[in-house]
Each structure stands twice: as C-alpha cells, then as structure tokens.
Amino acid sequence: MTFTVKNNIQWVGKIDWELRKFHGDEYSTHRGSSYNSYLIQEEKTALIDTVWGPFAKEYVENLKKTIDLKNIDYVVALHGENDHSGALPELMRQIPDTPIYCTKNGVKILKGLYHQDWNFNIVKTGDTLDLGNNKTITFVEAPMLHWPDSMFAYLSSDEVLFSNDAFGQHFASEFMFNDRVDQAELFQECIKYYANILTPFSPLVIKKIKEVLGFNLPLDMICTSHGIIWRDNPAQIVEKYLEWADNYQENQVTILYDTMWDSTRIMAEQIAAGIREADDNIRVKLFNLAKTDKNDVITEIFKSKAILLGSSTINNGILVHVAALLEEIQGLKFKNKAVGAFGSYGWSGEAVKIMLERLEKSGFKIVDKGLKMIWAPDDEKMKTCKDYGKSFIDSLI
Ligand code: FEO
C-alpha cells in the first residue's frame, strides 16, 4: 500500500495491524501502529525514515514498485530508533552510496545499532536540502523529543512538517488522516503516547514548540512517524501538546492497588466512596494493578490531580505489581500530583511507609501519613477508610 499525502509526497510505510506490544513488551498497542515513511519526488528525491526491521524486505520491495531505488538522492533519518531505521540495512545494501542526512547523535545511534559506515551527512537546525521545484527541506533538531538524535523536517511550499515521533500515536487505520478516523480513539492514543513517552520531557516540549512557532512557518500538515497524518487543523495537536506539557491534570483521582485476600481492595472501594461523599464532582477511578494494562494506568495517572496507591504488606515489602508501577512512574517524573497510600497487613505492615517514601522520591506531593489496617476491615474500619477518603480530598483544597 502507498498513497499520496499531498502533491509529490507519498506515504510508503507499513501499517502494523498485529502489533500489541512495542519497545519490547514495554508499551501496549491495543490498536496496532504504523511506521510512516515518506517519499518526496521533486527534481531531487528524498526518502524520510523507513520502517521496523521485521518489515524491511517487504518495505524495500514495495518501495521498488514506486521508485527505482537509484533515483533516491537523499535518505533522511529523523530519528535512529529501530522502528524507523530498521529497514536501513536492507535499503542501503542496495544503494550503499546514497547520503543519509541525520543529526550528529543520529550518526552515533545508527552506527551503534547497525555497525555500518554509511555516507552520513550531519545536519543541524536551520540546515536545508534543496529538492528543486522551489521546495526545500529545513531541519530542526529536537533533542530528547524523545531521543538525543530526534529532529523535525519542514518542507517549504507544501508547508508540511515531518515531526517523527512527536504528535504521533500507535494507531493502525486504513484512513491515515485525522479527519477520517474516530476522534475518541485517536485522542485516546495521542494522550496515552504523550503520557507514557513524553511526560519526562515536558519542559523541552514547551520550549521546542515555542521555538518552532517562532519561525512563523505556514503549516498545512503534520506528517508523524506513527499513526495518522494531521491534515485537518494540524495546530490542534500542537495546542494539545502545549496543554499536556504544562503539568496537565483533570478533576480526577485515581486509586491504584493490588490485594492478596481482598482487604486492600475493600479499603480502596471505601476510600473511593469517601471521596465521592466529599465531592461528587471529582471523577474517581479504581484499578487493580495486577489486572490492568500498565500503560493505560499511566495514562490515568497523567490525567489525575491525585492518586492513592494501595498494597498489602508481603515479606516486609509491597506487592510486585505495585513495585513495578513505582519503578515506571519514577522515570516519568510526574509533576504537581498529590498522593496518598493505604494497605492491609497481618503482622508487620511496612507497605504504606515504603510506598510513600518511594512516591516522595518520584516527586509526588505526600499529603498525609497514609492508612494501614490490620487484617480484614470490619464496619468500623470501613468507616475509617471512608473518612480517610474524605480527609484526603479535603487536604487537596
Ligand atoms: Fe517511533 Fe522513538 O521511535
């Protein structure tokens, strides 16, 4: 499959309908994904990015149906990560002298991954590639959005920004344009992508978007490297990114827990009831971490103004699904979120203290000492949980 994006820009990538896990097993992709590669054929021809390695042969064979590979003048590698560079070895075997344009860090990454001394040409912000027909590619480095080598490319005259991972989503769709897909599905995948991948880099996101907006370039489309292309009001996803990067939160409290014999679950439900009684405008969501997709949970944390984390105590510690979440959120560097902790225990009861210590180190605002309870909650203890929910909400005001 190929299709025209605009004028002489063709999409030559791969839709991966089957993908359910990405970055190894780190990121769930319920709706598949795509690896978007673009061929721009003017007086000169440029190929922007390739696809993931398992599709390399298929990609190059398809590309050959569109163009004689020898007629590709420039290969542009906006980002060296495997999902976009994986087909380079297959492609470059057939056109070994064709120049590859990437950042200085891009060279290091591509050499590190593929151990090849290809014809690398290092570009920096403001460097250009003239394609003829009054069309020029201008490069804009975007380090740590989300890798050190990431960059954007802007095609003049067509007014198209090739943004690589930024503004993308893991979303397989035949339609490939934002105005043709289900908007709820699209924005769910966008916010999940932002929450799970870009959260730690939010200050850089704001800085980079302001820098690019400062160029006052007309923008007709944003061609991402995953998912759909933004052709209907592309500024809408830029505005969303500015909103999400600015310590985003909704009026939501998320309760996350794991439980051994249901006591911690009962605590979670009673705390939720207490929150609802205190303020029924707050959206309260509960998730058992052992039964819920990790990346969906991260997305819910991203949307929350506060979370409550619950774990039974086991072997003087916490349950492994809670520990895994703590590891994940430490790296994501959430800002401006309050937290409480709770859990049941039989004899030693360290879990609440352990969770709060680790959450504090991860930058969460600790609002109280948490709530731990021995054995199973009776009516009186359930009321204590409800009261805890109420006081937790009161402390947020
Ligand atoms: Fe889609 Fe960072 O690669």
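## Strand pairing

Two strands are said to pair if DSSP finds at least two bridges between them. In this predicted model, strand S1 and strand S2 (residues 9–11) run antiparallel and are joined by three bridges. Within this pair, Thr-4 stands opposite Gln-10 in S2.

Strands of a sheet pair through backbone hydrogen bonds, either parallel or antiparallel. Here, seven strands make up an open sheet with mixed pairing, in the order S1-S2-S7-S8-S9-S10-S11. Its edges are strand S1 (3–6) and strand S11 (120–122), each of which pairs on one side only. On average, neighbouring strands of this sheet are turned by 30 degrees against each other, direction ignored.

Helix H4 (residues 104–114) lies across strand S10 (100–102) and S11, and it runs at about 150 degrees to S11.

## The largest pocket

The largest pocket holds about 330 Å³ of space. Its lining consists of 18 residues, and Met-260, Thr-313, Tyr-345, Gly-346 and Trp-347 lie nearest its centre. At least two lining residues come from each of helix H8 (263–278), strand S20 (313–314) and strand S22 (338–345). Of the lining residues, eleven are polar, six nonpolar and one charged.

## The second largest pocket

The second largest pocket holds about 250 Å³ of space. It is lined by 19 residues, of which Leu-161, Phe-167, Val-212, Leu-213 and Val-238 lie nearest the centre. Strand S14 (151–155), helix H6 (202–214) and helix H7 (235–245) each give two or more residues to this lining, and H6 gives the most, with five. The lining of this pocket comprises 17 nonpolar residues, one polar and one charged.

Notes:
Residues are numbered from 1 along each chain as its sequence is written. This is a predicted model: local features need pLDDT of at least 70, side-chain atom pairs count only at pLDDT 80 or more; totals for chains, interfaces and linings use all residues. Side-chain values use heavy atoms; hydrogens and water are left out. On a 1 Å grid over the protein atoms alone, a cavity is a set of points where a 1.4 Å probe fits but cannot get out, and a pocket is an open set with protein on both sides within 12 Å along at least five of seven lines; lining residues have an atom within 4 Å of a point. Grid points are joined across faces, edges and corners, and a volume is the space filled by probe spheres set on the points. Helices (H or I, at least four residues) and strands (E, at least two) are DSSP runs, numbered from the N terminus. Ala, Val, Leu, Ile, Met, Phe, Trp, Tyr, Cys and Pro count as nonpolar, Asp, Glu, Lys and Arg as charged, and the others, Gly among them, as polar. Axes are lines fitted to C-alpha atoms, for helices over the stretch in contact, and angles run from 0 to 180 degrees between N-to-C directions. Contact means heavy atoms within 4.5 Å.
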